Amino acid sequence: MSLDFTLTKFHSLCSAVAENYPTLTLSEYFAGAALPERFVIMRHDIDRRPMSALGTARIEAQCGIRATYYFRMNSRVFRPWIMREVEGMGHEVGYHYEALGKAKGDFEKAIGLFGSELKEFREVCDVKTICMHGNPLSKYDDRELWKVYDFRDFGIIGEAYLSAGKDINYFSDTGRSWNSKNNIRDFIPGRREESEVETTDDTIAMIESNRIDRIYILTHPERWGNGMDWGFSFVMDSAFNAGKKMLVAVR
Ligand SMILES: [Zn+2]
């Protein structure tokens with residue numbers, strides 16, 4: 001098995017993106033009255049190991065890419081100095097919310113928590129967009145909040161799943177494969193070019209072919225590492241995928 005999902009491979013992916021497409025942050029995409037015909041959006045969900053965001057953010061900055069980083073609100077992930085450093089490199093930082101899950105389905109409690117966590121984020125960074133944390137083990141889907149409330153009331157211009165247009169082609173590293181078979185919730189339904197993209201090399205070839213105009217790439221920087229960290233994270237992901245397959249099987 002050749003090594004994929006290393007920072008070296010991530011650098012190759014970023015080079016391919018930078019050489020072939022302009023990039024947009026999520027807030028630029030949501031605010032854009034006049035969007036370019038072709039572009040790539042690079043989104044990163046920081047679910048754990050926030051230091052890993054610094055590695056990918058630096059590589060992107062070197063390549064001239066401006067990406068969007070969503071951090072969760074918990075004591076391990078919410079690290080103001082890291083978030084400020086990422087924002088300082090020209091990237092957008094947003095709020096990876098899971099308020100409904102934390103409130104165990106209590107909508108009123110959840111929206112209160114959403115407001116107070118967002119306030120804490122805004123003391124650190126300029127937050128304009130939000131993104132649900134799609135925990136496949138939780139029975140709550142945080143997007144349900146927006147059937148009752150409106151995130152615009154909080155000065156938020158877009159939600160990374162709900163506000164994406166139908167013209168976007170979505171690719172995600174969820175489960176350490178670009179193929180969507182490991183995704184349960186971490187997916188924008190019906191907005192995926194059904195091409196056979198499995199490895200990062202496949203994704204790079206797809207980008208270099210220039211055959212898709214609008215591409216939305218989601219990665220989890222904690223999965224992109226070298227050496228020991230990579231091995232540990234790989235084992236964890238494999239165990240997690242095995243667990244998810246069982247979940248799918250019982251549905
Ligand atoms: Zn997440």
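I take a contact to mean heavy atoms within 4.5 Å of each other.

**Entry 1. Overall fold**

I note at the outset that this is a predicted model. I looked up how far apart in sequence the contacting residues of the protein chain lie. Of the contacts between residues at least 6 apart in sequence, 75% join residues at least 24 apart. For the secondary structure of the chain, I recorded 9 helices and 8 strands. I then checked burial across the 251 residues of the protein chain and found that buried residues make up 54% of them.

**Entry 2. Zinc site**

Which residues coordinate the zinc ion? I found D47 through OD, H96 through NE2 and H133 through ND1, at 2.1 Å. Along the chain, I read the spacing of these donors as D-x48-H-x36-H. I placed D47 in the loop between β2 (39-46) and α3 (51-63), and H133 in the loop between β5 (129-132) and α7 (145-148), so this pair ties together parts that are 86 residues apart in sequence. I also looked up the exposure of the two residues: D47 is buried, and H133 is buried as well.

**Entry 3. Helix α4**

I next examined helix α4, which spans residues 80-88, and listed I82, M83 and V86 as buried. Why do they lie on the same side of α4? They cover an arc of only 100° around the axis, and this puts them on one side of the helix. As background, I recall that an α-helix has 3.6 residues a turn, so residues three or four places apart point the same way. I asked what covers the buried residues of α4, and the answer includes α3, β3 (68-72), β4 (92-97) and α6 (107-122).

I then turned to the glycines here. G88 is found in α4. Is G88 buried or exposed? It is exposed, with a relative accessible area of 65%. Just after α4, I noted that G90 takes a positive phi of about 100°.

**Entry 4. Cysteines**

I searched for disulfides and found 0 in the structure. I looked up C125 and found it buried, at a relative accessible area of 5%. C131 also counts as buried, at 0% relative accessibility. I also checked the separation of G88 and C125: they are 37 residues apart along the chain, and their C-alpha atoms are separated by 9.6 Å.

**Entry 5. Aromatic residues**

How many aromatic pairs does the structure hold? I recorded 16. One that I inspected is Y170 with Y216: the ring centres are 5.2 Å apart and the planes are at 65°, which exceeds the 60 degrees required, so the pair is edge-to-face. Y170 lies in strand β7 (residues 169-172) and Y216 in strand β8 (residues 214-219), so the pair ties together parts that are 46 residues apart in sequence. I found Y170 buried, and Y216 likewise.

I also traced one aromatic cluster, formed by F78, Y95, Y97, F114, F121, W146, F151 and F154.

**Entry 6. Charges over Y161**

Finally, I looked up what lies over the ring of Y161. The charged end of R43 sits over this ring, 4.5 Å from its centre. R143 lies over the face of Y161, at 5.0 Å from the ring centre.

Conventions. Residues numbered from 1 in each chain as written. Predicted model: local features only at pLDDT ≥ 70, side-chain atom pairs only at ≥ 80, totals over all residues. Heavy atoms only, no water. Donors = N, O, S within 2.8 Å, 3.2 Å for Na, K, Ca; no water. Helix = DSSP H or I, 4+ residues; strand = E, 2+ residues; numbered from the N terminus. Buried < 20%, exposed > 50% of the residue type's maximum accessible area, 1.4 Å probe, protein only. Arc of directions from axis to C-beta. Phe/Tyr/Trp six-rings, centres within 6.5 Å; stacked < 30°, edge-to-face > 60°. Lys NZ or Arg CZ within 6 Å of the ring centre and 35° of its normal. Disulfide = S-S within 2.5 Å.
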